[in-house]
Amino acid sequence: MAEPTLIWGAGAIGGTVGASLKRAGQDVTFVDIVPDHVAAIRDPARGLKITGPVDPMLVTAPAFTPDQLKGTWKRILLAVKAHHNR
């Protein structure tokens, strides 16, 4: 199995890539600045829902706001808009 992956930014790009990795059996953790989005990703009744004509999916995964996150990752996908980072 591959190294665990941290997806920083669980919007359209990070959410889709992370959900695809999670569905493929990878160890994925999400970080997002929107507390309600983080709560939904964690919640088995809601999850992270990817919709569209190609490959809709619903996954749940560990998710945190930046202030809640603890730990280290060797593999991080930064998927945020440019104005959200220095």
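Two strands pair if DSSP finds at least two bridges between them. Strands (E, at least two residues) and helices (H or I, at least four) are DSSP runs, numbered from the N terminus. The tour below covers a predicted model, in which local features need pLDDT of at least 70 and side-chain atom pairs count only at pLDDT 80 or more, while totals for chains, interfaces and linings use all residues. Residues are numbered from 1 along each chain as its sequence is written, and side-chain values use heavy atoms, with hydrogens and water left out.

**The whole chain**

Begin with the entire protein chain selected. Two helices and six strands make up its secondary structure, and from the N terminus the elements follow the order β-α-β-α-β-β-β-β. The radius of gyration, taken over C-alpha atoms, is 12 Å; this is close to the 12 Å that the globule rule gives for 86 residues, so the chain is as compact as a globular protein of that length. The globule rule is 2.2 Å times the number of residues to the power 0.38. Along the principal axes, the C-alpha trace spans about 35 × 30 × 25 Å. Of the 86 residues, 30% count as buried, where buried means under 20% relative accessible area, exposed means over 50%, and partly exposed lies in between (1.4 Å probe, protein chains only).

**The sheet**

Next, select β5, β2, β1 and β6. In that order these four strands form an open sheet with parallel pairing. β5 and β6 stand at the edges with a single partner strand each, so one side of each has no neighbour in the sheet. Now select residues 5-8, which are strand β1: four bridges join β1 to β6, and the two run parallel. Which residue of β6 is the bridge partner of T5? The partner is R75.

Move to T29, in strand β2. T29 is buried, with a relative accessible area of 7%. Leaving aside neighbours within four places in sequence, T29 is in contact (heavy atoms within 4.5 Å) with residues including T5, L6 and W73.

**The helices**

Select residues 12-23 to display helix α1, which lies across β1, β2 (28-31) and β6. Helix α1 runs at about 160 degrees to β2; axes are lines fitted to C-alpha atoms, for helices over the stretch in contact, and angles run from 0 to 180 degrees between N-to-C directions.

Then select residues 35-42, helix α2, in which V38, A40 and I41 are buried. Seen down the axis of α2, the buried residues fall within an arc of 160 degrees, so they line one face of the helix; the arc is that of the directions from the helix axis to the C-beta atoms. Among the elements covering these buried residues are β2, β3 (48-50), β4 (57-59) and β5. On the other side of α2, P35 and D36 are exposed.

**The loop between β5 and β6**

Finally, select T65, found in the loop between β5 (63-64) and β6 (75-78). Is T65 buried or exposed? T65 is buried, with a relative accessible area of 8%. Not counting residues up to four places away in sequence, T65 touches V31, D32, P35 and V38. The side chain of T65 also makes a polar contact with the side chain of D67, at 2.6 Å. A polar contact is a pair of N or O atoms within 3.5 Å; within protein, one must be able to donate a hydrogen and the other to accept it, and residues adjacent in sequence count only if both atoms are side-chain atoms.

K70 is placed in the loop between β5 and β6, and K70 is exposed, with a relative accessible area of 68%.
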